[in-house]
Amino acid sequence: MKPLPLLLAAFAILTAGISFAADSKPDSASGATPSTPAPTAPKWKKVLPQTPPGVTCVTDLLEKHPEHDVTIVIYMPDKPGVYPAILDIHGGGWKDRQVEPDRPMMERLATHGFVTAIVSYRLSGEAKYPAALSDGKAAVRFLRANAAKYKIDPARIGVMGGSAGGHLSGLLAMTSGLPAFEGDGPNKDQSSAVQACIVMAATQDLVAANQAKTSDGAIAFFGATCAENPELYKQASPITHVRAGVPPTIFIEGEKDTLKIGRAEMQDKLRALGIETALYTLKDAPHPYWMSQPWLDETVEIATAFFKKHLGEPAASK
């Protein structure tokens, strides 16, 4: 048997070797297998709502319905003045209420000299089309009816939205001035027309998109398949209503998103009428790009330039 001190010494040498092997990094020049690299951090960063300094946020009631109280979130610059306004119509497949994810975008736009608003419209599980469009129209009329209260210039109102909200914003803009699309909401003495529109990541031809197979979301929204009621799908398609006098409309899409059916054809119709349009494709951006960085800031930059061009700057208080 070896003396105890020799055994302890051997054990110390062995454990030291194990410790060294665990703590050291392999040398690639030695031919040793390199360690597995740490997972790459996601390129996007979700943004949470936070009302910025110099902006006040309020929520007002637009209209009560048995199925849902339609409300409107408003961001108003604190500085005295009369501001152009931007209404946002949130996405969510017409079935999910996604007001919160759109707040950061509208918060940031408010710091650039706009009164901004988000309408909490009736969803497909609460009321079928055209309820959502009617609520959007009512929201524009509400902003005009309450222009003095919220520092809004009623002659300068734009609309924007993403995904399902992009469909609704495009439809609201293209049907500006058409009485048949006003709905039964309040403030009927006010106009629901808008002066500029941004469509984000949204199909504009629902007939072409649903001819082969109607999506479950569309069936829930319309209460029928496209084959069962093609005229309803046509009526609800923004591309159907492109005509002289509709507002300038631009499109923002994510590079990693799917094709938005009808967008290119709708732009062709707008250009043929001499109505301004453009497409902005955000590099590496997924479908809901406006909810996360770095694409949120890019979206706000594009929207600010476009709306300032067509809605103008704040004016001094009267």
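Visitor: Why is Thr214 called buried?

Guide: In this predicted model, Thr214 has a relative accessible area of 12%, and buried means under 20%, exposed over 50% and partly exposed in between, judged with a 1.4 Å probe and protein chains only; Thr214 is therefore buried. Residues are numbered from 1 along each chain as its sequence is written. Local features need pLDDT of at least 70 and side-chain atom pairs count only at pLDDT 80 or more, while totals for chains, interfaces and linings use all residues, and side-chain values use heavy atoms, with hydrogens and water left out.

Visitor: Where is the place of Thr214?

Guide: Thr214 lies in the loop between helix H5 (206-210) and helix H6 (216-222), where helices are DSSP runs of H or I with at least four residues and strands are runs of E with at least two, numbered from the N terminus.

Visitor: What does the side chain of Thr214 reach?

Guide: The side chain of Thr214 reaches the backbone oxygen of Asn210 at 3.3 Å and the backbone nitrogen of Cys226 at 3.0 Å. A polar contact is a pair of N or O atoms within 3.5 Å, one able to donate a hydrogen and the other to accept it within protein, with residues adjacent in sequence counting only if both atoms are side-chain atoms.

Visitor: Which residues does Thr214 touch, not counting residues up to four places away in sequence?

Guide: With contact taken as heavy atoms within 4.5 Å, Thr214 touches Ile219, Thr225, Cys226 and Tyr233.

Visitor: What makes Cys226 and Cys197 count as buried or exposed?

Guide: Cys226 has a relative accessible area of 4% and Cys197 is at 0%, so both values fall under the 20% limit and both residues are buried.

Visitor: How many disulfides does a search of the whole structure find?

Guide: The search finds zero disulfides, a disulfide being a pair of cysteine sulfur atoms within 2.5 Å.

Visitor: Which residues have the most contacts inside the largest nonpolar core?

Guide: They are Leu87, Tyr129, Leu143 and Phe222, in a core of 55 residues, and helix H3 (residues 131-145) gives the most to this core, with seven residues. A nonpolar core is a set of buried Ala, Val, Leu, Ile, Met, Phe, Trp, Tyr and Cys residues joined through side-chain atoms within 4.5 Å. A second, separate core of 32 residues includes Val47, Leu109, Phe306 and Leu311.
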